[in-house]
Amino acid sequence: MITREQALAFAQEWIEAWNAHDLSRVLSHYEDDFEMSSPVMIQLGESETGTLKGKDKVGAYWKNALVKYPNLHFKLVEVLSSVDSVVIYYHTINNKLSAEFFMFNEKGKVYKAIGHYN
């Protein structure tokens with residue numbers, strides 16, 4: 001089970017890693033074969049289905065996103081947690097709102113993530 005303190009610590013570290021544009025630090029939170037889904041993948045032409053699997057594929061997508069958005073900066077709004085999942089609600093590019101859903105395995109690594117945007 002994920003405690004409130006663990007959820008808050010994960011969210012803070014995740015936001016800080018993204019704001020540092022440190023891709024290896026961001027990817028350190030994920031299993032090697034994790035799955036990521038996001039409508040932005042479709043918009044950027046990275047995936048027809050909106051889903052990528054594996055650090056290599058998702059990492060390449062995120063690397064391209066950091067190039068496309070060099071001023072990327074996230075601002076934490078709220079953190080929600082459950083038994084084995086966390087939702088981070090934050091401001092993203094152009095001050096849009098986003099909610100990222102993370103599923104954690106028994107090792108404390110993310111194995112599935114889904115981005116939601118307004």
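I counted 12 aromatic pairs, taking rings of Phe, Tyr and Trp (its six-membered ring) as paired if their centres lie within 6.5 Å, with planes under 30 degrees apart stacked, over 60 edge-to-face and the rest tilted. I looked up Phe74 and Tyr90: the ring centres are 4.6 Å apart and the planes at 50 degrees, so this pair is tilted. Phe74 sits in the loop between H4 and strand S3 (75–81), and Tyr90 in strand S4, 16 residues apart. Both Phe74 and Tyr90 are buried (under 20% relative accessible area; exposed is over 50%, partly exposed in between; 1.4 Å probe, protein chains only).

The model is predicted; local features need pLDDT of at least 70, side-chain atom pairs count only at pLDDT 80 or more, and totals for chains, interfaces and linings use all residues. Residues are numbered from 1 along each chain as its sequence is written, and side-chain values use heavy atoms, with hydrogens and water left out.

I noted that ring pairs join a cluster that includes Phe10, Trp14, Trp18 and Phe74. Leaving aside neighbours within four places in sequence, Trp14 has contacts that include Phe74, Tyr90 and Phe102 (heavy atoms within 4.5 Å).

Ala7, Phe10, Ala11, Trp14, Ile15, Ala17 and Trp18 are buried in H1. These residues cover an arc of only 160 degrees around the axis, which puts them on the same side of H1 (the arc is that of the directions from the helix axis to the C-beta atoms). Just after H1, His21 takes a positive phi of about 55 degrees.

Notes:
Helices (H or I, at least four residues) and strands (E, at least two) are DSSP runs, numbered from the N terminus.
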